[in-house]
Amino acid sequence: MSVSENDVRHVATLARLGLDDGRVQALVGELNGILAHMDVLQQVDIGGASLDPDATHGLRMRDDVPSPIPLARDREAFAPSMRDGFFLVPRLATHGTAGAADDEGEG
Amino acid sequence: MTDVPYQALLARSAREVASAIATGDLPPHAALDATLAAAQHAQVGPEGLNAVLWTDAEGPAADLAALTLHPDLPLAGIPVAIKDNIATHRMPTTCGSRILEGYVSPFEATVISRLRGAGAVLPMKTNMDEFAMGSSTENSAWGMTKHPLDRTRVPGGSSGGSAAVVAAGVTRIALGSETGGSVRQPAAFCGIVGVKPTYGRVSRHGLVAFASSLDQVGVFGQSVDDAALGLQVIAGVDALDSTTVHVPVADYRAGANDDRAQPLAGVVVGRPTEYFPTSLDPRMRTLLDRAADRLRSLGAEVRDVSLPHTELAIPVYYIVAPAEASSNLARYDGVRYGLRVEGNDGLRGMYEATRSQGFGPEVTRRILLGTYVLSAGYYDAYYKRAMAVRRLITDDFTRVFASGVHVLLTPTTPTTAFVAGSRSDPYEMYMSDIFTATANLAGVPAMSQPIGRIDGLPVGGQLLASHFDEATMLRVAYALERALGAEAHT
């Protein structure tokens, strides 16, 4: 299996990463170089290997209730902007009137 | 170097100084003052080693002022350096990444709460490879960290800043994090002790996630005792991390004062042949042989064993870790944290512009690699198969420990600290983890301690034990450290 430029562009889209053409070409070589070392795994006999989680030590179930994380300071102290108990985020250019003076804090 | 008061104090173990502070024999600020003086002398900031990213003067002062001294406070007044991917609410937590520039966590990690509860003060955050992806601390957005003994070389990584601070004599204890060897490898390069606990032994709450099935907080110490003390404080179940396990925390200092001629009588030490390939530097092999001889003289039985799937660890690790990272790092989208760059194509454009400008080349490479191995058509061939082979690697350890072996002895790294900029091929860099990634994949505890030098550069010997048996591993480490004495650093 080898990675093509289209593969790199596809996974970059999935990963929300913007790449210019030069970087795409470089990554084709880098990823193929790395993945060539992974081919050895195809030769391994995995007949006896289980994919079930190791339950040797088990995970304890806890009550399904929310437990707030203790904060060092109030939400208002670290949120850039809040209104009515909600965080406000900057308006995106695709939503509402871009560039308006009150653009900030209308998310 | 002229011995000045701060150096004399920092030459004493953390336990000894904490005890003196707790009982009033030293003023509460004595160790902090010594660390600040040493930090200036060692040039740990950007002007020198570039090991320290952020400092805090007010927090430690407030903590010391509020400290109620009593003899059972294990870290009374002891400064501990913290890797930049562990959440602190008084200093930034950027993971060495531009995408988190200026981010200050509203909560602190459980390990931070436990350190402060034990009396420790936290004056500095340390440099690291971006999001812990690297083996040299060259991948930080804030510049590379330099090796304290040779500034042309790397200190290892990804916890290179913490390792450099301890190796430079600035603090006795520091926290790092491990995903594939990021505490043990820099510990080996810098000639100090580094411990990776069992997966589930220490809370990951507040440790910024890289690869959640592999990540653990680890401890650096100038000595085995310093590292054991730090681990003792942070170990144990945490309600905020459901992967911590209800297994009692033993007394990790049990081997500290064992003066018997043969303290390791009855202990079986395995030497996995796969960790001693014919390509291993013969000088490194000689130092490992010397360590094995010391263990024999202490009463241990040393026998050769086999972990046959060891050579598959790097291919498995570099599928599993990037796969998990590609998911964990999806949260850095320009909305919820730090950097936000407006793009040309609405919401998607903003995501892509933010992430491409916020992440460095290695993080970008691994996110793409992880996304690729999880994508339709490749999942079974890469990720699913890697997870099956990971089980075979774990089974290797289970089988060896079930055969009566208590600990394993191996080299920590295939080489000593390398020259900065000398490893441009990604896979060549990944091979730095060849002896360490197995412990993360299997979840077993492991540690590195100095066992000698080659051309003046430190060499680490690695000990590994079965799940949750850090106590036996540290008992052997204490005995080996005592037996080697000054040889460990020559």
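Author: Let us begin with chain A, which has three helices and two strands. Helices (H or I, at least four residues) and strands (E, at least two) are DSSP runs, numbered from the N terminus. The elements of chain A follow the order α-α-α-β-β from the N terminus on. This is a predicted model, in which local features need pLDDT of at least 70, side-chain atom pairs count only at pLDDT 80 or more, and totals for chains, interfaces and linings use all residues. Residues are numbered from 1 along each chain as its sequence is written, while chains are lettered from A and ligands numbered from 1 in the order in which they are written.

Reader: What percentage of the residues in chain A is buried?

Author: A residue is buried if 20 or more other C-beta atoms lie within 10 Å of its own, exposed if 12 or fewer, and partly exposed in between, with C-beta atoms placed from the backbone. Of the 107 residues in chain A, 15% are buried. As for contacts, two residues are in contact if their C-beta atoms, placed from the backbone, lie within 7 Å. Among the contacts in chain A with a separation of 6 or more, 26% are between residues 24 or more positions apart.

Reader: Is strand β10 of chain B largely enclosed or open, and why?

Author: Strand β10 (residues 446-454) of chain B is largely enclosed by the rest of the structure, because seven of its nine residues are buried. Strand β5 (residues 193-196) of chain B runs antiparallel to β10(B) and is joined to it by three bridges; B:Lys196 has B:Ala446 as its bridge partner. With strand β11 (residues 457-465) of chain B, β10(B) pairs in the antiparallel sense over eight bridges, and B:Ile454 stands opposite B:Leu457. β10(B) and β11(B) form a hairpin with two residues between them, and B:Asp455 in the turn has a positive phi of about 50 degrees.

Reader: Which strand is joined to β8(B) by five bridges?

Author: That strand is β7 (residues 268-272) of chain B, which runs parallel to β8(B). B:Pro272 has B:Val305 in β8(B) as its bridge partner. The C-alpha atoms of B:Pro272 and B:Val400, 128 residues apart along the chain, are separated by 9.4 Å. B:Val400 lies in helix α13 (residues 379-402) of chain B and touches B:Gly270, B:Val305, B:Leu307 and B:Val405, not counting residues up to four places away in sequence. B:Val400 is partly exposed, because 18 other C-beta atoms lie within 10 Å.

Reader: At what angle do the axes of α10(B) and α12(B) cross?

Author: Axes are lines fitted to C-alpha atoms, for helices over the stretch in contact, and angles run from 0 to 180 degrees between N-to-C directions. The axes of helix α10 (residues 313-328) and helix α12 (residues 361-374) of chain B come within 7 Å and cross at roughly 100 degrees. That makes α10(B) roughly perpendicular to α12(B); angles under 35 degrees count as roughly parallel, over 145 as roughly antiparallel, 65 to 115 as roughly perpendicular and the rest as oblique. The contact of α10(B) with α12(B) has eight nonpolar, three polar and one charged residues.

Notes: Ala, Val, Leu, Ile, Met, Phe, Trp, Tyr, Cys and Pro count as nonpolar, Asp, Glu, Lys and Arg as charged, and the others, Gly among them, as polar. Two strands pair if DSSP finds at least two bridges between them.
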